Amino acid sequence: MSKEKYFIIDFDSTFTQVEALDELGEISLQGEENKDEILQQIKDLTNGAMDGKSSFTEGLVKRLDLLKANKKHLQPLISTLQTKVSESVKRNKEFLTTYADSIFIVSSGFKEFITPIVTEYGIKEENIYANTFRYDENGNIIGFDEENVLSLDKGKIKLLETLALQGDVYVLGDGYTDYEIKEAGLANKFYAFTENISRDNVIAKAEHIAPSLDEFLYQNKLPMAISYPKNRIKVLLLENIHPKAVELFRKEGYQVETVAGALSEEELIERIKDISIIGIRSKTQITKKVLEHANKLMCIGAFCIGTNQIDLSTALDAGITVFNAPFSNTRSVVELAIGQIIMLSRDIFDKSSKMHQGKWDKSAAGSNEIRDKKLGIVGYGNIGAQLSVLAEALGMVVYYYDVVEKLQLGNARKCETLQELLEVSDFVTLHVDGRKSNTNMFGEAEFAAMKDGAIFLNLSRGHVVDVPSLVNAIKSGKIRGAAVDVFPEEPATNAEEFVSELRGLSNVILTPHIGGSTSEAQENIAHFVPRRIMEYINAGNTYQSVNFPNIQLPELRDAHRLIHIHKNVPGVLANINNVLAKNHVNIEGQYLKTNEQVGYVITDINKGYNKQVIHDLKQIQHTIKFRMLY
Ligand code: NAI
């Protein structure tokens, strides 16, 4: 017969996120002149006791003295604590209720506020061990029941001795006094609970760390509310990714490591072994070789637009999803284009340069408003379409040309050919993508087709314009002004010289590929990419993935979700469904999408199923990855 198991759980900073006496101080000291100072003293005393550095009893006496609390403060305290139950405790109410007979709350706090909180989670009143207050005739808290062993130093040890539990005892807590139970030989295992606070001297002694109750349950093979503890998911963020992303991943409960720069292939091979999610920008190369060592990798986040630094096809074959931020900096590019359109039609760049040389050249010649002028947008994608809206708001008349059919926004007019657009536009702006076939798509013939004295902008990709043709068009006066943000050859670092025939030409605004470089864009990216990744990890959504079949799934409710990624060869779906049928699984919903390389099948099933089905699904031939969500 297997031994009985007992779980000893601490209350303050473990069951709840906070120290209850600190919270009580917030309430009882309201209006007190030096409230903050007193609260700090209380906190220091609490920490001193929790770190095992000072006498617990002495500290408790001092704290109660400082608190000046009254019975009437307890109800508001309970209401506060109800909202501060630890997240992983909240999630795992079912475990607490099911195992209620074996769970003991052992705390040096007070029953008056502990009991109403923990009993809501199924904890039995007779299994709550804590102190009790003493009051004076006016309800003021003046002390505690000194007979209670928990009010004494090493109180938890004394209590456990009296309980004399026959079986395996597991202690979960954040404080030194929790560790001492194990040290005294009264528990088999102590787990330092770090979801709310991590105390160095406790961590140093603990042989087990539980960043959440999920992790504790996972390690002890106990039923948990989620399929996998999030703290086991390791995230590696390279290239100075915006701190917002770090914050979002940490908040989700993942372990996050950051590296300021990019890593070489060898360094990556070493680091990527136990990583589940990697975040990069444009400099890190995720090659086939790197992916061969990425045993645990589930997702790659490109915190930028481009993804050609990633071997997308190998990632797909390995069942690794890739997400990027296709429109997080769209607005930034559009704003710059608008600014440049205005600056160019007023010749501001040259006028400003002359002023810096002391030349005053006041004249209206060649200066125009942009209102009612015709703007020709080549490439009506994210940027082109957004520019269309803002330009119209400024009174411009918008024409666009795209190789595919696009939704016409506002009053924008579609051109059937590029020629048609070039002939009509006062301004031509390129927003095509950088596909190979677009190399030099804009050259001599295109400039020649433009109106005399038109203005030209390129904020898309350097190689799409034949630069010598542009230079000729400017020099001949065919083009009155230009703004160029991207170049066929761009310096790799700020230390390198920028070499181009465009240098020194008048009314030409040159910018160092900064169209999308704003703080706002960086922050948008730092929100966008982690969200996509978490939706994939938590729900299986691949919507907006760069390489995976895109599926947007309904929310998972009262079901378990089987996620199967396989090589796209005939018969796999049939095999999956055979396994489900053979195991009499009740299917609530099934979603399938494939691309040339992989098939992605999601099956939501009724919770009461035979666990054999999991084993059988993993065995299906051509399976790349299988996981289960609940
Ligand atoms: P997108 O992919 O949403 O739009 C590109 C559009 O161009 C698509 O509608 C496509 O059908 C169309 N297109 C492609 N080739 C064409 C051709 N030869 N003629 C007409 N239409 C063509 O891309 P998005 O996000 O709008 O970006 C546009 C460009 O801006 C990209 O090249 C991107 O690399 C660049 N970009 C530059 C930034 C900068 O810092 N300067 C920042 C962000 C993007």
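The radius of gyration used here is taken over C-alpha atoms, and the globule rule is 2.2 Å times the number of residues to the power 0.38. By that rule a compact globule of 630 residues would have a radius of gyration near 25 Å, while the protein chain has 33 Å. Its C-alpha trace spans about 100 × 70 × 45 Å along the principal axes.

Before we go further, a word on the model and its conventions. This is a predicted model, in which local features need pLDDT of at least 70 and side-chain atom pairs count only at pLDDT 80 or more, whereas totals for chains, interfaces and linings use all residues. Residues are numbered from 1 along each chain as its sequence is written, and side-chain values use heavy atoms, with hydrogens and water left out.

Let us start with the whole chain. Its secondary structure comes to 25 helices and 24 strands; these are DSSP runs numbered from the N terminus, with helices being H or I of at least four residues and strands being E of at least two. Of the 630 residues, 51% count as buried. Here buried means under 20% relative accessible area, exposed means over 50%, and partly exposed lies in between, with a 1.4 Å probe and protein chains only. Taking contact to mean heavy atoms within 4.5 Å, residues 24 or more positions apart account for 62% of the contacts with a separation of 6 or more.

Now turn to helix 2, residues 20–28, where eight of the nine residues are buried. The buried ones are A20, L21, D22, E23, L24, G25, I27 and S28. Their cover includes helix 1 (11–15), helix 3 (35–50), helix 4 (56–67), helix 5 (74–82), strand 2 (103–110) and helix 8 (111–118).

Two strands pair if DSSP finds at least two bridges between them. Strand 6 runs parallel to strand 1 (residues 5–9), with five bridges between them, and I9 has L172 as its bridge partner in strand 6. Strand 6 is also parallel to strand 7 (residues 189–193), this time through four bridges; G173 has A192 as its bridge partner in strand 7.

Further along is an open sheet of seven strands with parallel pairing, in the order 16-15-14-17-18-19-20. Strand 16 (413–414) and strand 20 are its edge strands, each pairing on one side only. Within this sheet, strand 14 (residues 374–378) and strand 15 (residues 397–401) run parallel and are joined by five bridges, with G376 opposite Y399 in strand 15.

Strand 21 (residues 560–567) pairs with strand 23 in the antiparallel sense over eight bridges, and K567 stands opposite V598. Strand 22 (residues 587–594) also pairs with strand 23 in the antiparallel sense, over seven bridges, and Y591 stands opposite I602. A hairpin of three residues joins strand 22 to strand 23.

Finally, look at two loop asparagines. N240, in the loop between strand 9 (234–237) and helix 13 (243–251), has a positive phi near 55° although it is not a glycine. N240 is exposed, with a relative accessible area of 55%. N507 has a positive phi of about 50° and is not a glycine either. N507 lies in the loop between strand 19 (479–484) and strand 20 (508–510), and counts as buried at 4% relative accessibility.
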